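Subject: Structure handover and notes

Dear colleague,

I am passing on the structure below, and my notes on what was found in it follow directly after. Please read them with the coordinates open.

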Amino acid sequence: MKTKNKKPQTAAEKEHARKVAALPCAVCGTYEGSEVHEPEQGMWFIPIPLCMACHRGPEGWHGTRLRWKLRRVNELQAINRTVAQVTN
């Protein structure tokens with residue numbers, strides 16, 4: 001969600017987010033096209049790639065988080081998976 005007080009991304013942040021968007025979902029592993037989730041607004045160097053269902057779906061992060069709970073994944077673990085994939 002874009003808010004009016006949010007600072008625009010720098011070129012480096014955009015490039016990093018682009019790389020993360022090319023990764024599979026950090027929760028379920030699907031390659032259906034990842035959305036980039038920022039754990040805290042403006043933290044573009046620790047984003048998480050999420051499929052639509054794990055991000056904005058009714059059972060995703062912005063819903064009940066059931067998909068996360070069933071796979072026993074928390075936000076910190078998802079960040080760790082993302083960093084491991086980006087650095088390899």
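The largest nonpolar core has twelve residues, namely Cys25, Ala26, Val27, Ile48, Leu50, Cys51, Cys54, Trp61, Trp68, Val73, Ala78 and Ile79; such a core is a set of buried Ala, Val, Leu, Ile, Met, Phe, Trp, Tyr and Cys residues joined through side-chain atoms within 4.5 Å. Here buried means under 20% relative accessible area, exposed means over 50%, and partly exposed lies in between, with a 1.4 Å probe and protein chains only. Two or more residues of this core come from each of S2 and H4, where helices (H or I, at least four residues) and strands (E, at least two) are DSSP runs numbered from the N terminus. In soluble globular proteins, nonpolar side chains tend to be buried together.

Before going further, please note that this is a predicted model, in which local features need pLDDT of at least 70 and side-chain atom pairs count only at pLDDT 80 or more, while totals for chains, interfaces and linings use all residues. Residues are numbered from 1 along each chain as its sequence is written, and side-chain values use heavy atoms, with hydrogens and water left out.

Helix H4 spans residues 75-87, and its 13 residues reach 18 Å from the first C-alpha to the last, close to the 18 Å expected at 1.5 Å a residue (the expected span being 1.5 Å times one less than the number of residues). Within H4, Glu75, Ala78, Ile79 and Thr82 are buried. These residues lie on the same side of H4 because they cover an arc of only 100 degrees around the axis, the arc being that of the directions from the helix axis to the C-beta atoms. The face turned away from that buried side carries the exposed residues Leu76, Asn80 and Thr87. The buried residues of H4 pack against H1, S1, strand S2 (48-50) and H3, contact being defined as heavy atoms within 4.5 Å. At the start of H4, a side-chain oxygen of asparagine 74 reaches to within 3.0 Å of the backbone nitrogen of leucine 76.

Threonine 82, also in helix H4, is buried with a relative accessible area of 2%. Leaving aside residues up to four places away in sequence, threonine 82 touches Val20, Leu23, Ala26, Pro47, Ile48 and Pro49.

Histidine 37 lies in strand S1 and, at 4% relative accessibility, counts as buried. Its side chain makes polar contacts with the side chain of histidine 55 at 3.4 Å and with the side chain of glutamate 75 at 3.0 Å. A polar contact is a pair of N or O atoms within 3.5 Å; within protein, one must be able to donate a hydrogen and the other to accept it, and residues adjacent in sequence count only if both atoms are side-chain atoms. With residues up to four places away in sequence not counted, tryptophan 61 touches His37, Cys54, His55, Trp68 and Glu75.

A search of the whole structure finds two salt bridges, each being a side-chain nitrogen of Lys or Arg within 4 Å of a carboxyl oxygen of Asp or Glu. In one of them, the side chains of glutamate 15 and arginine 18 meet at 2.5 Å, N to O, and both residues lie in helix H1 (residues 11-21), three residues apart, about one turn of the helix. Glutamate 15 is partly exposed, with a relative accessible area of 33%. The side chains of arginine 56 and glutamate 35 also meet in a salt bridge, at 2.5 Å, N to O. That pair links distant parts of the chain, with arginine 56 in the loop between helix H2 (52-55) and helix H3 (66-70) and glutamate 35 in strand S1 (residues 35-37), 21 residues apart.

Two backbone details may deserve a look. Most residues other than glycine have a negative phi, and most peptide bonds are trans. Arginine 65, although not a glycine, has a positive phi of about 65 degrees; it sits in the loop between H2 and H3 and is partly exposed, with a relative accessible area of 34%. Arginine 72 likewise is not a glycine and has a positive phi of about 55 degrees; this residue is found in the loop between H3 and H4 and counts as exposed at 71% relative accessibility.

With best regards
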